[in-house]
Amino acid sequence: MKIDLTDTTAGEINKALTEGRRAIGTPAVGMVLTLVIVTDEENAYDALRAAGDASREHPSRMLVVIRRVSRTPRDRTSSRLDAEVRVGAEAGTGETAVLRLYGEVSDQADSVVLPLLLPDAPVVVWWPVNAPIDPAEDPLGALAQRRVTDTYAAEQPVRELAARAETYTPGDTDLAWTRITPWRSMLAAALDQVDCEVRSVEVEGEEFNPSCELLAMWLADRLGVPVRRSLSAGPGLTAVRMETTCGPIVLDRADGSLANLSIQGQPGRAVALQRRDTAELIAEELRRLDPDDTYASALRYGVERLSAGADAVAALGGAPAESAPARSAPAQAAEEAVDKAAEDEAVAESEAGTEEGEAERPTPNSLARKAASK
């Protein structure tokens, strides 16, 4: 069932939701949370479809907030709220209200959403695109226990990760982090099978893929070893190589679906590592509403520290270290003379059997004077 409302209010939308439930014979509210989706008109369809698929696992009231662009100064000073209410088969297992905000009311989206939240139910806000720099400080983000962004949709994903680390608040999460859950599980299981010490790690993947950076930061943070980031043509993450005291451990996925896990001394095995769609990612995030401390720790490790880890890996691989500045011949001869004088003095003192306090101990200045006199 679908109900269209033009130039409406939050009270009218609530009334339409109640009437829709009664019309389909389900007056009780069976939703477990409120999912607020903040997007634009271009991405609204895909986001709503993914959330609808995820609602089969998590029945929820979905509020889609779309800020419409006002083309003229008169439109920007006026306010209007249009809504599209969906219940029953049109909304999957929950109920949906698509809110289109025009004019000044676009800047007051929280005042429109607040009356539509389910009472005594957690709130999750998801920005598929154009997420704020600090989600917790956003008026809509302040209403939520969980705030979901997607760094992959940013224009500069790696720089976006650094900004997310500076503004992180418990409850923030990123779909770029959710995408590497199977990788983290597989790598942890592989390390559980051996009793070895990890020396270095290499993470291979696309250049502008924040999931690769997050996986590298997670490995560096948890293992305390240098991690090198290398590039490939993708898709997404393609390989993780760990050098251990028992030999290499390699998880290689070249085609985006099937990976090969090889451990020194064990036969190689094929493992399913399919790239997941957005609906699966959102469903995973809705399973837990508490802060993700592991994500916070990996994020705060810092992208800039990966370059230092790459230098350390190169050093472990036998790369020549930076040579010390050359010394002049007179300075080197003087230093050798001081060392020789110190050695002769120590031998003479030992042979004479002098006790502590009977003779003056040689000092660097006195040794230097003796060497110069010679």
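Tutor: Happy to; we will take a few labels for this predicted model and test each one against its cut-off.

Student: Why is Thr8 called buried?

Tutor: Its relative accessible area is 12%. Thr8 sits in the loop between β1 (2-5) and α1 (10-23).

Student: What does Thr8 touch, not counting residues up to four places away in sequence?

Tutor: Ile13, Leu81 and Ala83. Contact means heavy atoms within 4.5 Å, so each of these three has a heavy atom within that distance of Thr8.

Student: What makes the largest nonpolar core a core?

Tutor: The name requires buried residues of the nonpolar kinds, joined through side-chain atoms within 4.5 Å. The largest such set has 38 residues, and Val201, Val203, Leu214, Leu215, Leu219 and Val240 touch the most other members. Helix α8 (210-223) is among the elements that each supply at least two residues, and the largest share, eight residues, comes from α8.

Student: Which residues does Val240 touch, leaving out those up to four places away in sequence?

Tutor: Among them are Trp183, Leu187, Val201, Leu215 and Ile249.

Student: Where does Ala83 belong?

Tutor: Ala83 is in another core, of 28 residues, which lies apart from the largest one. Ala97, Ala109 and Leu140 are also among its members.

Student: How many of the chain's residues count as buried?

Tutor: Of the 374 residues, 44% do. By the definition, those are the residues under 20% relative accessible area.

Note on methods
Residues numbered from 1 in each chain as written. Predicted model: local features only at pLDDT ≥ 70, side-chain atom pairs only at ≥ 80, totals over all residues. Heavy atoms only, no water. Helix = DSSP H or I, 4+ residues; strand = E, 2+ residues; numbered from the N terminus. Buried < 20%, exposed > 50% of the residue type's maximum accessible area, 1.4 Å probe, protein only.
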